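Hi,

Here is the structure I promised to pass on. Have a look at it first, and then read my notes below.

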Amino acid sequence: MSELARTHTCGALRAADRGGEATLLGWVHRVRDLGSLIFVDVRDRFGVTQVVARDDEALLAQAKRLRPEFVVGVSGTVELRSDETLNRKLATGEIEIAAREITVLSEAKRPPFQIADETPVSEDIRLKYRYLDLRRERMQRNLQLRHRVVMAARRSLDEQGFLDIETPILAKSTPEGARDYLVPSRVHPGEFFALPQSPQIFKQILMIAGMDRYSQIARCFRDEDLRADRQAEFTQIDLEVSFATPDLIFGIVERLMQAIFAANDESIEIPFPRLPYAEAIAKYGSDKPDLRVEMAISDVSGVFADSRFRVFGDTVAGGGVVRAFVVPGAARFSRRQVDDLVAEAVELGGSGLVWVRRAPDGKVQSSILKAAGPEPLGRVLAAVGAGADDLALIAAGAPDDASRLLGQLRLRLARRQGLIDERRRVLTWVVDFPMFDWSETEGRYMAMHHPFTAPRDEDRDRLDTDLGAVLAKAYDLVLNGNEIGGGSIRIHDQPLQRRIFELLKISDEDARSQFGFFLEALEYGTPPHGGIALGVDRIVALLAGEASIRDVIAFPKTAAAADLMTGAPSSVSPRQLRELHLHTNS
């Protein structure tokens, strides 16, 4: 090995290198033994190059030893392939290396799954042998994309005047939000650090410290149940800005997102549209609407205000709503298909679903035709803009409930009907979130974002009269129906922060215990400030076309928060427990 030095990567050589000498170091990708000719594809993270062994008996004998995933060094002369053997799928497909020497640097057992081919493999096996899975083209491509995204983010933020500052990993537990991962202290018996759910308080303190613009590629931790788009530990692009307004934050992030998309050879237009939270819920049934397909939900309550159809009429009279949306081209659905839609709505928690369409002769057809009559149902079709080939679906109930039900059906049907262009990227800001969200289980209002979010100036008087009506200076960034970032303008004066803690039923004692240092810091001249956190894992997964963020993370956990490769979490020795002043019941 001391005599081998790589001259080229396995993705570098081209026709212009013909006649030159090259030494490649990498893994055996494939071997094709033709007797007097042996072709070996050698791979590294940069690509694949074909090597041919011929003429020399000792060389052929060495080539015959090779198996997939052996680590090898190959030296030889770069030759052009013949026209009939060109491989236009490879960047190196015009050339091959006529081997002069092949050195086996490391042998390999037979892998538990194919590396060269993207054959289906169970996720548990992939995660157990992650070091092998990471050799596959898909994972190498995803991690290279992740690298480009992070580097593009750093460059963009640097150009916009941000300081990259690290915040602590061992921090103080703040129980608001998800469960903390706790770390016992050896030198402070019975006391614990917490792994940060976000750098929230630290980045606000950096604004108090005069840093003006902070950014960090931050590791965060949450002890919560996992899904395809959640991990116990995750990475976010975290930033905070002094003297911020929402418009200032939006402009910074939009430039940042342009740079991130450019790292994937994509372009996006700015500024992004802005959609109030209430409108997003009403029109799309979600605070993270997928706007690649319109199919907006309309309020048709007025049609049924005096309807003879008592179910809808009574709903409207009682303060509820009747809402509907159009499924393009679905008028041809069979009766069984529309009945299945009604059953699906019930499975989603709805009390029922009504459908309306026109028959080929123009007459109205509906599941409530006899009860409601054709005239009001025809007005519904007109109100929602349904054409002759379209189907309208109607739900009634509390405003948010009706829209959320139709919103779920909207997305499911759009996918089934092929109405979503998977190549499109639609970004939007969702703004004007409610400040508080009532929790039935807690019996109190909770912060919809977090307790450091500022209310809108025009709503501050409502803090004393109607918490449910207070809107926050909070905003989310949504990409194709996925929340990829969330932030807000923060509270920067101590009396208001104390008031918000009080409204959230955080006692003075708890506020002092959990946030005393922060409340004191607010007294020393705090600039207005705000920021956002963008999910790196989710953004990269969407750019890569992956359904799960586990496929863009080098070493993810399973849905049960376990590391199958290392066997973590695991038991520790009694001595370690004693040093930490801990004991277990097992």
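Helix 5 (residues 200–208) and helix 14 (residues 508–521) have axes that come within 10 Å and cross at roughly 20°. That makes helix 5 roughly parallel to helix 14 (angles under 35 degrees count as roughly parallel, over 145 as roughly antiparallel, 65 to 115 as roughly perpendicular and the rest as oblique). Axes here are lines fitted to C-alpha atoms, for helices over the stretch in contact, and angles run from 0 to 180 degrees between N-to-C directions. Helices (H or I, at least four residues) are DSSP runs, numbered from the N terminus.

Before going on: this is a predicted model, where local features need pLDDT of at least 70, side-chain atom pairs count only at pLDDT 80 or more, and totals for chains, interfaces and linings use all residues. Residues are numbered from 1 along each chain as its sequence is written, and side-chain values use heavy atoms, leaving out hydrogens and water.

Helix 9 (residues 335–347) packs with helix 12 (residues 399–416) at about 135°, their axes 10 Å apart. These two are therefore oblique to each other. Leu341, Glu344 and Ala345 of helix 9 touch Leu405, Leu409, Arg412, Leu413 and Arg416 of helix 12.

Just after helix 4, Gly161 takes a positive phi of about 85°.

Happy exploring!

Notes: Contact = heavy atoms within 4.5 Å.
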